[in-house]
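Dear colleague,

I am passing on the structure we spoke about, and below it you will find a written account of what came out of going through it. Please read the two side by side.

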Amino acid sequence: MANVPRLKLNTGAMMPAIGLGGWSGVTEEERANGWTFMLTALKAGYRLIDTAWIYGTEKATAVAIKKSGLPREEVWITTKLQFFQESLNNLETDYVDLYLMHWPQTSKWVEGNPDPMDEDGNIITTDEWTFTQTWAKMEKLYESGKAKAIGVSNFSIRNLEKLLETAKVVPAVNQVEMHPYLAQPELKEYCDKKGIVLTAYSPTGYKNVLTDPTITELAEKYKASPAQVVLSWHVARGVSAVPKSSNEQRQKDNITLLDLDPEDVKRITGLDRNQRLCNYANKYGKVWGWTYEQLGW
């Protein structure tokens, strides 16, 4: 079984550097069956599952942990708001290891519709409630012990600065899109200074990155998969990652990390082109209801 390294959070907790992305699809069947790939991952040695209320896979996470036979305290659960108590109920636990604010923007509340869209297909956002207000509520969850650590996701330097103007608790984690084509060096430097650990989603950069000549060359050099090279690059930078895979062999490969030469780490970082491959602006210039300017991107 692979020995996955851990990164120390500002709470003192040691978080696995590689976890399993818990997004499982959009249909009820896909979400309900998510436990199958989660279970194979736990058996392979994963000890972190990254889910979210909006993913619809919190119940599947609970099933996988139960079927694995692992004690609850051995599996790190990260989930993301909207409804905290409902998340705890879904996960069949009385605490989560990390609770994240999924996005800085606030969507308009519509009963029975967590993602209300306007006629152009953009999420309807509101300024009536801000992320600083949400963070104040999350701080209370942290104080209660029901969220062992709290953090944010998709936050830029500008929005982190705004958050920290009123925050009593510094976020433990900022989960963002990050891969060799989007290395985000300025955000990395800023978060390092603030004691905020970065977690990469879409960490391998899909086929765009995995077929890059530099990555394939290094894969040959280390006799490993391109994904192993990229994930090892993340960890070498002190970044955690939550790759999603339902393939048993790739799951095992993804937690079998390489000891990259420092020069190779620099070469991979040098591929940065500030290119978003997962969450990028639509034809209206918006990402989930906000512009790049609002997001600070």
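**What was found**

Strand S6 (residues 98-101) and strand S7 (residues 150-153) run parallel and are joined by 3 bridges. Within this pair, Tyr99 stands opposite Ile150 in S7. Please keep in mind throughout that this is a predicted model, and that what follows describes that model.

The two strands belong to an open sheet of 8 strands, in which the order is S3-S4-S5-S6-S7-S8-S9-S10 and the pairing is parallel. At the edges stand S3 and strand S10 (240-241), each of which has a single partner strand, so that one side of each is left without a neighbour in the sheet.

**The chain as a whole**

Along the principal axes, the C-alpha atoms fill a box of roughly 55 × 45 × 40 Å. Of the 297 residues, 52% are buried, and among the contacts between residues at least 6 apart in sequence, 68% join residues that are at least 24 apart.

As for the surface, the chain exposes about 14,000 Å², of which carbon and sulfur atoms supply 50%. There are 34 positive and 37 negative side chains in the chain, and the centres of these two sets lie 3 Å apart.

Which residues of helix H2 (residues 35-44) are buried? They are Phe37, Met38, Leu39, Ala41, Leu42 and Ala44. In an α-helix there are 3.6 residues a turn, so residues three or four places apart point the same way. The cover over the buried residues of H2 includes strand S3 (20-21) and strand S4 (48-50), together with helix H3 (58-68) and helix H11 (248-254); S3 and S4 are also members of the open sheet described above. After H2 comes Gly45, which has a positive phi, near 125 degrees.

**Two loop residues with positive phi**

Most residues other than glycine have a negative phi, and with that in mind two residues deserve a look in the model. Lys223, in the loop between helix H9 (213-222) and helix H10 (226-236), has a positive phi near 55 degrees. With a relative accessible area of 77%, Lys223 is exposed.

Asn274, which is not a glycine either, has a positive phi of about 55 degrees and lies in the loop between helix H12 (262-269) and strand S11 (286-287). Its relative accessibility is 56%, and Asn274 therefore counts as exposed, the cut-off for that class being over 50%.

**Arg158**

Arg158 is found in helix H6 (residues 157-166) and is partly exposed, with a relative accessible area of 44%. Which residues does Arg158 touch, not counting those up to four places away in sequence? The residues in question are Glu293, Gln294, Leu295 and Gly296. Between Arg158 and Leu187, which are 29 residues apart in sequence, the distance in space is 9.8 Å from C-alpha to C-alpha.

Key:
Residues are numbered from 1 along each chain as its sequence is written. This is a predicted model: local features need pLDDT of at least 70, side-chain atom pairs count only at pLDDT 80 or more; totals for chains, interfaces and linings use all residues. Side-chain values use heavy atoms; hydrogens and water are left out. Buried means under 20% relative accessible area, exposed over 50%, partly exposed in between (1.4 Å probe, protein chains only). Contact means heavy atoms within 4.5 Å. Accessible areas come from the Shrake-Rupley method with a 1.4 Å probe; for residues, only the protein chains shown count as cover. Lys and Arg count as positive and Asp and Glu as negative; His and the chain ends are not counted. The place of a charge is taken as NZ of Lys, CZ of Arg, CG of Asp or CD of Glu. Helices (H or I, at least four residues) and strands (E, at least two) are DSSP runs, numbered from the N terminus. Two strands pair if DSSP finds at least two bridges between them.
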